[in-house]
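Hello,

Here is the structure for you to look through. My notes on what was found in it follow below.

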Amino acid sequence: MKIVDEFHEIPTTCISDALQGLENLHSAIKPLKEEYRVAGRAFTVKMVAGDNLVVLKAIREAQPGDVLVIDAKGEKNRAVAGDFVLGMAQTLGITGVIVDGVIRDIIGTKELNYPIFCKGSTIAASGKAGEGDINVPISCGGVTIHPGDIIVGDADGVVVIPQEREEEILAKSLEKVEKDRIRSEMVSGDKKKIIEYLDRSIS
Ligand SMILES: O=C([O-])CC(=O)C(=O)O
């Protein structure tokens, strides 16, 4: 299995624990629907707040399987994209979109059933002056992201796995999944076992 597909199966909480919580995007960046899950390599976009022509350039250049990660500077009054632009990204095979900012056409965008993680929605479009960069290191939600880093998002939020650490973090994340399984099996709704577990933990 490809490493991206392996990460796709792991809860972001376990990946976060493996990374000691250092690579989580700000918790205000949330999926538009709780059931969304995404995993893929970052195709990065650096926007001037309120100017989204560079997003079209990124959609044109990104490869199927990429996740578009957009540094929109946290701007909440001008939309990075709406249902039209996001629908084009979906049709071209971009796996999902992460935005440190907002989208618009919220109803139509939800109808796409396309994993979008953002800070909410607004009414106004962005301008189209054309500033900005693609495929460069960015800061998104307080985290540095390089092109090609692995991005995983689910109901709890979005985490970044730096490319040079992906094997190590995969192993640690899987260990954490197993630890969590053993931990909940150990107490499994049994009052006595819960008390024993708590006593062991706090002693
Ligand atoms: O064109 C834009 O800037 C955003 C928009 O309305 C859409 O994607 O539907």
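**The ligand and its surroundings**

Arginine 104 has a polar side-chain atom 2.7 Å from an oxygen atom of the ligand. Keep in mind while reading that this is a predicted model. Lysine 128 also places a polar side-chain atom 2.7 Å from an oxygen atom of the ligand. With valine 85 the backbone is involved: one of its polar backbone atoms is 2.9 Å from an oxygen atom of the ligand. Taken alone, the ligand exposes 270 Å², and the protein buries 85% of that.

The residues around the ligand are Asn52, Gly82, Asp83, Phe84, Val85, Arg104, Asp105 and Lys128. Sorted by class, this shell has four charged, two polar and two nonpolar residues.

**Strand β3**

Is strand β3 buried or exposed? Six of the six residues of β3, which covers residues 66-71, are buried, so the strand is largely enclosed by the rest of the structure. The cut-off behind that word is a relative accessible area under 20%.

In a regular strand, side chains alternate between the two faces of the sheet. In β3, Asp66, Leu68 and Ile70 are on one side, while Val67, Val69 and Asp71 are on the other. Both faces are covered, and the residues on each side are all buried.

**The partners of β3**

Which strands pair with β3? One is β2 (residues 38-46), which runs parallel to β3 and is joined to it by six bridges. Within this pairing, phenylalanine 43 has leucine 68 of β3 as its bridge partner. To get from β2 to β3, the chain passes through helix α3 (residues 53-61), and this β-α-β crossover is right-handed.

Another is β4 (residues 96-99), which pairs with β3 in the parallel sense over four bridges. Here isoleucine 70 has valine 99 of β4 as its bridge partner. Helix α4 (residues 83-91) belongs to the right-handed β-α-β unit made with β3 and β4.

**Isoleucine 145**

How far apart are isoleucine 145 and alanine 42 in sequence and in space? They are 103 residues apart in sequence, and their C-alpha atoms are 7.7 Å apart in space.

Regards

Note on methods: Residues are numbered from 1 along each chain as its sequence is written. This is a predicted model: local features need pLDDT of at least 70, side-chain atom pairs count only at pLDDT 80 or more; totals for chains, interfaces and linings use all residues. Side-chain values use heavy atoms; hydrogens and water are left out. Buried means under 20% relative accessible area, exposed over 50%, partly exposed in between (1.4 Å probe, protein chains only). Helices (H or I, at least four residues) and strands (E, at least two) are DSSP runs, numbered from the N terminus. Two strands pair if DSSP finds at least two bridges between them. A crossover is right-handed if, with the strands pointing away from the viewer, the path from the first strand over the helix to the second runs clockwise. A residue is near a molecule or strand if one of its heavy atoms lies within 4 Å of it. A polar contact is a pair of N or O atoms within 3.5 Å; within protein, one must be able to donate a hydrogen and the other to accept it, and residues adjacent in sequence count only if both atoms are side-chain atoms. Accessible areas come from the Shrake-Rupley method with a 1.4 Å probe; for residues, only the protein chains shown count as cover. Ala, Val, Leu, Ile, Met, Phe, Trp, Tyr, Cys and Pro count as nonpolar, Asp, Glu, Lys and Arg as charged, and the others, Gly among them, as polar.
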